[in-house]
Structures are given as structure tokens and as C-alpha cells.
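Hello,

Here is the structure we discussed handing over. Please look it over, then read the notes below.

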Amino acid sequence: MARAVVVLGVAHVAAFAVTAADAADLPVKAPPRLAPVANWTQFYVGAGLGFDFASGRSNLTPVGGGPSLFSLDGLQGADLGLSAFAGFDVQVGPRFVVGGFVDYDWSRQRTAVNATLFGAANLSAVMPSLDQGWTIGGRAGFLATPDILLYGLAGYSEMRINNWSATGTFGGPVFTMQESAQTSRGYTVGAGAEYRLSSNVSLRGEYRYVALGHNTTVDPLGAVWTTDLSEHVIRIGAAYRFGQFGGPATTAAAAPALNPAWTGVYVGAGIGGDALTPHVAASLPGALDFNAAGLGGADVGGTFTIGYDRQIAPKWVVGAFGLIDVATNGGASITATGAGAGTTVTSDLASVKWGRSVGARAGYLVSPETLVYLLGGYTGSTACSITYSVFGIQSTSPEREYHGATFGGGFERFFSDRISARAEYRMTHVATRDDLTDGVLFTSVSAGGTIHTLRGSLVYHLPTP
């Protein structure tokens, strides 16, 4: 009996050992790897570039009141501007972010107009433009992905506006009209999108509408200017975000590593805006010689692009591209009315109708997924025809195509193996054309200048055969 018990015990131990050894050979499923997810609770500082457009109505009345001497309705001025901003965000849930911000806008570009009437009277004027301004406010957004924030904003703004300055000489003393520079206050609303390029760097595109309300200033001669203005601000910018990427209490299964395909063919589409800085000269013999320079029009536009890139080194990418731009300004126009004779001058605003560009780009990979690049190329651009009425004579200028060199740069970031997002600025200097007369009013019209283009695009990179 004792001998049997010992034998059974040894057999049991041996069987357990064999079972344990077999189990050790079986594959064991590892627990899922956890990693921090994007957390937007951070402070940030940044800078941007874009366009400012002032629109509204200005009216000049004489000393002591009476009929209007001059009024202007429509685009009051435009410029290229810079901005600096700072703020903080708090991620209040897996999908929602709220925050506060302060930003500063600055510009110095102005539009100048010169005219000679009947060979004797000379008139020169400078249109209003943004000098500087600041906004304080808040924003709230929704995370479309952990790295893409779509947001709305609202706040309070103060804008310093450089206003009208006009000088006339009518065969005698110099006559000056000037609407003094003023600080206007109002509210700001807008929307934008921000994309995280890396753990502490993000790129944003933003539109803000600034209502500046009703303002009154007194001309040096005692006449009274009343102005109702609003600012439209379009910016792209980059921000540096302080703090760690992710939070210790918020984890999820780690996202698979990206394998961006920088070498290959791509197609893309985008949206943005154009601002035109034309140089225009027109002549009506014996009656009018007209010259204007500065920002004179704007539009909302889209882009379709195709290209090929090649990664030639671990940190460098080169490529070639072709693109088509299409745009519209919605038929925006400007109307100026003079007193006494009741003279009214109206004109559509200059804008791009469509354009095509071919060129090349070269970029540096700040990370495997993020490219910073410069571009250059050649552009042919067709401007929308302009309908105008001068001294009661109405006519439409013919459409013409302008050609010139294009330069610019941008950022591009992959957020999947095949899809990337890019933000891009292009400047095209077009040659002057002198065959723009319509044969109805002006005997000669010439125009040239510069087209400034901002675009945000999504790009699909085709699989390499």
C-alpha cells in the first residue's frame, strides 16, 4: 500500500511537470501596448501671415452740415499683414477643447491712387488700411481626430486704422482732405482649423470678422467724416505649444507607426484666397489720366494639383507639380459719389478667374511625416472682366491672361500612410499688359502687378507600382 501511494505521487508530480513544460511552449498573448494620446491642455505662442480687408461706407459732410461732399461704399482698403498670438487650451473631454487667446495684427501696405483731370487738376489719394490691432477672446473646438481641432472663436478687438488722405491741386492752392487715423473698437467672431505637426508644433488656418461700428472724425479743414467699417482677416500661422504631448491619466492603444510615401505621384485639392496688388494706368485724352498701385482686389479660390516627389536623402525631398486655381469674388464692387455734379464712379473689384502653374519644389523633413518646402514656377492667370461706370459711361474691360514667375513655400504633414495636409503661400509677379482698352471710354489701359495666394489642401499619394 505504501509503495503504491509513493508510485502514484511520483506519477502525479511527473505529469504536472510535463503539463507545465508544455504550457510554457504555448504562445502567450501580450497585453495591448498603451501610449499617451494627444492632449491639448497646453500654453502656446505663435506667428502668422495673411490678408486684411476693410469694407463698409465712408461719408464726408461740410462744416456745419449739409449735403454730402463725398461718399465711398465697398472695399475701403486692403493689405498684407503679420500677426503674433499667445494663448492656452484645456482639453475638457476626449473630443472637446476650450481656451483663451490674445493676438496682435500689424501691417503697413497701402493703396495709392493718382489722377489728372482735364490736364489741370491733380488728385492723389491713399486708401485706408490696418495699422495695428489686438484681440482678446476665447475659442471652443471639436477634435475631428486626436491631431485635428476644428474651432470657433469670439472676442473683443481694437484696431488702429490709417484712414483716407487726399490731396488736390486745381491750378492754385493745394486742397487737402484727410480722415484722421482712429482706433475703432468692436467684436470679433470667426472659425479655424488647427493641425498638430509634431508633439509641440501646430499649424492653423483662421478667418475672423471684426465689426468696428460707427466712427466720426474731423478733417483738418473742419469737414466731418463718418465711417462704418468691418475688417475681414485671413491668416495662416504656426504655434509652439509648451508642455508634454499626452497626459499620464489618458492612455489608449498606441496608433500604428506611419510609413509616409514621399516618393511617388500625388493628387490634391484645396481652398483659400487670393489678393491682387495691381498697377493700373488708364487715359482718356484731354479729360483723365489715372494711375493706381496697391492691393486692389480679393477673391475666394480653390486649387487642384498633381505632382511627383522623390525622397533623395533621409531628410530631403524634391519634386515637380502642376496646378489649376479657380476663384470668384462674388461680384463685389466699389462705388464713389462726388457732391455737386452728382458724379458717380462704380467698378467691379479685380479678382482671379482661373490660373495654371507648373513648377518644382524642394523640402526638408523636420520629422519623417512633416515637410517644410520652398517652390518656384511659372503661372498663367486670367483676371475676371471688370464692369465700370465713369461719368455715366458704362463699359466692360476684356478678359486677358497674365504671365509671370511664381515663388512660395509651405508645410506638409502626413496623417495616414497615403493622405497628407498642406498649407501654402504663393506670390506671382505678372508682366504688364497694355492692350486692355475696351474702345468705349479709355483710349489706353494697362495693368500688371502681383497675385498673393494662400491655400490649404488635402493630398492623396498614389501607391508606388
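**A buried serine**

Ser-107 is buried, at a relative accessible area of 1%. Buried means under 20% relative accessible area, exposed means over 50%, and partly exposed is in between (1.4 Å probe, protein chains only). Ser-107 is in the loop between β4 and β5 (112-117). Leaving aside residues up to four places away in sequence, Ser-107 touches Asp-52, Asp-79, Leu-80, Gly-81, Leu-130 and Asp-131. A contact is heavy atoms within 4.5 Å.

**Ground rules**

This is a predicted model: local features need pLDDT of at least 70, side-chain atom pairs count only at pLDDT 80 or more, and totals for chains, interfaces and linings use all residues. Residues are numbered from 1 along each chain as its sequence is written, and side-chain values use heavy atoms, with hydrogens and water left out.

**The chain overall**

The chain has one helix and 27 strands. These are DSSP runs numbered from the N terminus (helices H or I, at least four residues; strands E, at least two). Of its 465 residues, 43% count as buried. Take the contacts between residues at least 6 apart in sequence: 69% of them join residues at least 24 apart. The chain exposes about 22,200 Å², and carbon and sulfur atoms supply 68% of that. Areas are Shrake-Rupley values with a 1.4 Å probe; for residues, only the protein chains shown count as cover.

**Nonpolar patch**

A nonpolar surface patch has about 930 Å² of accessible area in total. Its members include Phe-43, Phe-88, Phe-96, Phe-142 and Tyr-240. Patch residues have over 30% relative accessible area and no salt bridge; nonpolar side chains (Val, Leu, Ile, Met, Phe, Trp, Tyr) are joined within 5 Å, like charges within 9 Å. A salt bridge puts a side-chain nitrogen of Lys or Arg within 4 Å of a carboxyl oxygen of Asp or Glu. Strands β2 (42-61), β3 (70-91), β4 (96-106) and β13 (224-242) each supply at least two patch residues. Phe-96 belongs to β4. Phe-96 counts as partly exposed because its relative accessibility is 48%.

**Ala-405**

Ala-405 lies in β25 (residues 401-414). At 34% relative accessibility, Ala-405 is partly exposed. Not counting residues up to four places away in sequence, Ala-405 touches Gly-377, Met-427, Thr-428 and His-429. Val-358 is 47 residues from Ala-405 in sequence and 10.0 Å away in space, C-alpha to C-alpha.

**Charges over rings**

The charged end of Arg-139 sits over the ring of Tyr-151, 4.5 Å from its centre. Arg-361 has its charged end over the ring of Tyr-373, 4.5 Å from the centre. The test is NZ of Lys or CZ of Arg within 6 Å of the ring centre and within 35 degrees of the ring normal.

Best wishes
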